[in-house]
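Please consider the following account of how one protein chain is arranged, from its overall fold to a few individual positions.

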Amino acid sequence: MAGGKQTARQQMINLMYLVLTAMLALNVSAEVLNAFKTVRDGLDESTKNIDLTIDKTMSSFEQNMKNDPVKTKPFYDKALQAQKISDELVAYIKGIKDQMVKEAGNISPETNDIEGRDNLDIASRIMLENIGSNKAKGPEMKTKILDARKQLLALADPKDEGKVSISLDAKDSKKATWEVSMFQSIPVTAAVTLLSKLEGDVTDSEVEVLKYLHSSIYAADFKF
């Protein structure tokens, strides 16, 4: 159940993010920083579209509950669990994103971009450093992502392993932990864009689980 099905738009935005991240090692120019905002705007728009898909799927669930509550309820209850898992993780990620933006001077009304977007300290400090009573958010976020992934996949029937593919994950590499590879010494605009991408991964994974659950309502009726 690994991997993840993404639209062509999402794949393009993710590729752009990877290219921009690679460019950071060579040059933190205004053009690169501007491009991160463009990618972030695209990610936010994609997330809005995913939210519409979620709303439509849940509306269909509710209609099925009216028409055939006996068959629908077990899957509808799991769909509500998937929504809860997703909403809680998105709220957590958004909270950290808002914290980064605030510490970077908020959004400039003139540019509609983060005021201190080129700051290289904020993301590393928030995500990787333990200072006083403030614990690094990176390891905590990784744990929450992995827990959410596990919980979402557990909503599928074990016999259907492989039918649900989600993009949400937080794997360590051989060279570094997930949080270090993601957040160490990058401009705050890149970190905020990454967090927007993670929000999209969460909602996209929710959609995949909801689609599976919805299709499972009458799956037993079709036998070959």
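Predicted model: local features only at pLDDT ≥ 70, side-chain atom pairs only at ≥ 80, totals over all residues.

A residue counts as exposed when its relative accessible area is over 50%, as buried when that area is under 20%, and as partly exposed in between. With these limits in mind, Asn112 is classed as exposed because its relative accessibility is 52%.

The overall architecture comes first. The chain holds seven helices and zero strands, so that from the N terminus the order of elements is α-α-α-α-α-α-α. Of the 224 residues in the chain, 45% are buried.

Helix α2, residues 30–67, and helix α7, residues 188–216, have axes that come within 9 Å and cross at roughly 20°. This angle makes α2 roughly parallel to α7, and their crossing is left-handed. The residues of the contact between α2 and α7 comprise 13 nonpolar, 11 polar and seven charged.

The second pair is α3 with α5, whose axes lie 10 Å apart at an angle of about 165°. Angles over 145 degrees count as roughly antiparallel, and α3 and α5 are therefore roughly antiparallel to each other. Their crossing, too, is left-handed. On the α3 side the contact is made by Ala82, Ile85, Leu89, Tyr92, Ile93 and Ile96, while α5 contributes Lys137, Glu140, Met141, Lys144, Ile145, Ala148, Gln151 and Leu152. By class, the contact of α3 with α5 has 10 nonpolar residues, one polar and three charged.

The interior can now be examined. In soluble globular proteins, nonpolar side chains tend to be buried together. In this model the largest nonpolar core has 51 residues, and Met100 and Met141 are those with the most contacts inside it. At least two residues of this core come from each of α2, α3, α4, α5, α6 and α7, and α7 supplies the largest share, with 13 residues. Leaving aside residues up to four places away in sequence, Met100 touches Ile122, Ala123, Ile126, Met127, Val188, Ala191, Val192 and Leu195.

Which residues does Lys37 touch, not counting those up to four places away in sequence? They are Thr111, Asn112, Asp113 and Thr189. Lys37 itself lies in helix α2 and counts as buried because its relative accessible area is 15%. Asn112, one of the residues touched by Lys37, is found in the loop between α3 and α4. Although Asn112 is not a glycine, its phi is positive, at about 60°.

Ser185 counts as exposed because its relative accessibility is 52%. Pro187 is found in the loop between α6 and α7 as well, but with a relative accessibility of 2% Pro187 counts as buried.

Technical notes. Residues numbered from 1 in each chain as written. Heavy atoms only, no water. Axes fitted to C-alpha atoms, helices over the stretch in contact; angles between N-to-C directions. Helix = DSSP H or I, 4+ residues; strand = E, 2+ residues; numbered from the N terminus. Parallel < 35°, antiparallel > 145°, perpendicular 65-115°, else oblique. Left-handed = near helix turned anticlockwise from the far one by under 90°. Nonpolar A, V, L, I, M, F, W, Y, C, P; charged D, E, K, R; others polar. Buried < 20%, exposed > 50% of the residue type's maximum accessible area, 1.4 Å probe, protein only. Core = buried A, V, L, I, M, F, W, Y, C linked by side-chain atoms within 4.5 Å. Contact = heavy atoms within 4.5 Å.
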